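The structure under discussion is shown here.

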Amino acid sequence: MKKEYAVIGLGRFGGSICKELSREGMEVLAIDVDEDKVNEYKDIASHAVIADSTDENVLKELGIRNIDHVIVAIGDNIQASILSTLMLKELGIKKITVKAQNDYHEKVLNKIGADQVVHPERDMGKRIAHNIISNNVLDYLELSDDHSVVEVKAGEKMIGNTLVDLDIRARYGCNVVGIKRNKEINVSPLASEVILEGDVLIIIGEDKDISRFEKNLVVEDDD
């Protein structure tokens with residue numbers, strides 16, 4: 001079954017996560033207290049609603065308990081961010097990713113049980129969105145509007161196969177430019193190279209091709 005996501009807070013960071021998850025074909029519930037921001041995303045997200053995420057009853061009415069992964073991307077209101085995270089924990093949300101304003105905020109979020117804390121000043125929205133979709137996506141570097149370099153942990157479908165067997169370039173239009181194994185990096189690996197468990201592949205290509213590659217060979221259920 002396709003996972004469902006909710007993004008609370010549709011500022012620059014939350015908005016970029018919402019757009020990227022939606023672009024990747026995910027079900028996204030977009031939430032903000034600002035009507036203008038919600039209207040901006042009503043045609044991008046699966047659902048967009050005006051709501052106060054610090055109100056437990058409102059969250060229940062939205063059916064937030066059915067969401068697999070909630071991203072709390074509230075802007076400058078640290079209190080609202082912390083209260084929303086607490087509410088989501090109490091409602092039993094499986095995975096909660098929260099944007100932190102500073103190191104103190106991060107410490108509090110970790111103490112109250114946030115599963116992942118991110119600093120958007122250091123982390124790019126696109127990279128975080130891909131990491132949210134799959135724990136096997138380790139890094140995502142944007143080269144241009146439609147080309148990127150991505151580091152992915154070898155998925156089960158890859159292990160034991162050679163690069164020839166996987167035929168990544170012909171099937172997905174991406175190029176494997178390196179393989180990290182332990183502390184070594186094999187640059188321009190041979191086609192006969194066998195992928196081992198724990199290997200990290202460095203892939204370059206168009207975003208749409210990388211997306212197809214991820215969906216077919218990288219994304220695994222992480223329940």
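With a relative accessibility of 18%, glutamate 193 counts as buried, because the cut-off for that class is under 20%. The model in which this value was computed is a predicted one. Glutamate 193 is placed in the loop between β10 and β11, the latter covering residues 200-206. Its C-alpha atom lies 8.1 Å from that of valine 164, although glutamate 193 and valine 164 are 29 residues apart in sequence.

A second pair of this kind involves arginine 181, a residue of strand β9, whose C-alpha atom is 8.4 Å from that of leucine 196 across a sequence separation of 15 residues. Arginine 181 counts as partly exposed, since its relative accessibility is 25% and that class lies between the limits of 20% and 50%.

For asparagine 182 the angle is about 55°, and the residue sits in the loop that links β9 (175-181) with β10 (184-187). For aspartate 167 the angle is about 50°, and its place is the loop between α7 (163-166) and α8 (168-172). Asparagine 182 is exposed, its relative accessible area being 77%, whereas aspartate 167, with 34%, is partly exposed.

| Residue | Relative accessibility | Class |
|---|---|---|
| Cysteine 18 | 0% | buried |
| Cysteine 174 | 1% | buried |
| Glutamate 193 | 18% | buried |
| Arginine 181 | 25% | partly exposed |
| Aspartate 167 | 34% | partly exposed |
| Asparagine 182 | 77% | exposed |

Although cysteine 18 is buried at 0% and cysteine 174 is buried at 1%, a search of the whole structure finds zero disulfides.

Cysteine 18 also belongs to the buried set of helix α1, which consists of Phe13, Gly14, Gly15, Ile17, Cys18, Glu20, Leu21 and Ser22. After α1 comes glycine 25, whose phi is positive, near 85°.

Turning to helix packing, helix α4 (residues 78-90) and helix α5 (residues 103-111) have axes 10 Å apart and pack at an angle of about 15°. The two helices α4 and α5 are therefore roughly parallel, a term that applies to angles under 35 degrees. The crossing in which α4 passes α5 is right-handed.

At the level of annotation, UniProt lists residues 2-118, in an unreviewed entry, as "domain: RCK N-terminal". In the model this span is 40% helix and 23% strand, with its end C-alpha atoms 24 Å apart. The feature "domain: RCK C-terminal", likewise from an unreviewed UniProt entry, is placed at residues 135-219. For residues 135-219 the composition is 25% helix and 36% strand, and the end C-alpha atoms lie 8 Å apart.

Notes: Residues are numbered from 1 along each chain as its sequence is written. This is a predicted model: local features need pLDDT of at least 70, side-chain atom pairs count only at pLDDT 80 or more; totals for chains, interfaces and linings use all residues. Side-chain values use heavy atoms; hydrogens and water are left out. A disulfide is a pair of cysteine sulfur atoms within 2.5 Å. Buried means under 20% relative accessible area, exposed over 50%, partly exposed in between (1.4 Å probe, protein chains only). Helices (H or I, at least four residues) and strands (E, at least two) are DSSP runs, numbered from the N terminus. UniProt positions are given in the numbering used here, feature names are shortened, and annotations may be inferred rather than shown by experiment. Axes are lines fitted to C-alpha atoms, for helices over the stretch in contact, and angles run from 0 to 180 degrees between N-to-C directions. Angles under 35 degrees count as roughly parallel, over 145 as roughly antiparallel, 65 to 115 as roughly perpendicular and the rest as oblique. A crossing is left-handed if the near helix is turned anticlockwise from the far one by less than a right angle, and right-handed if clockwise.
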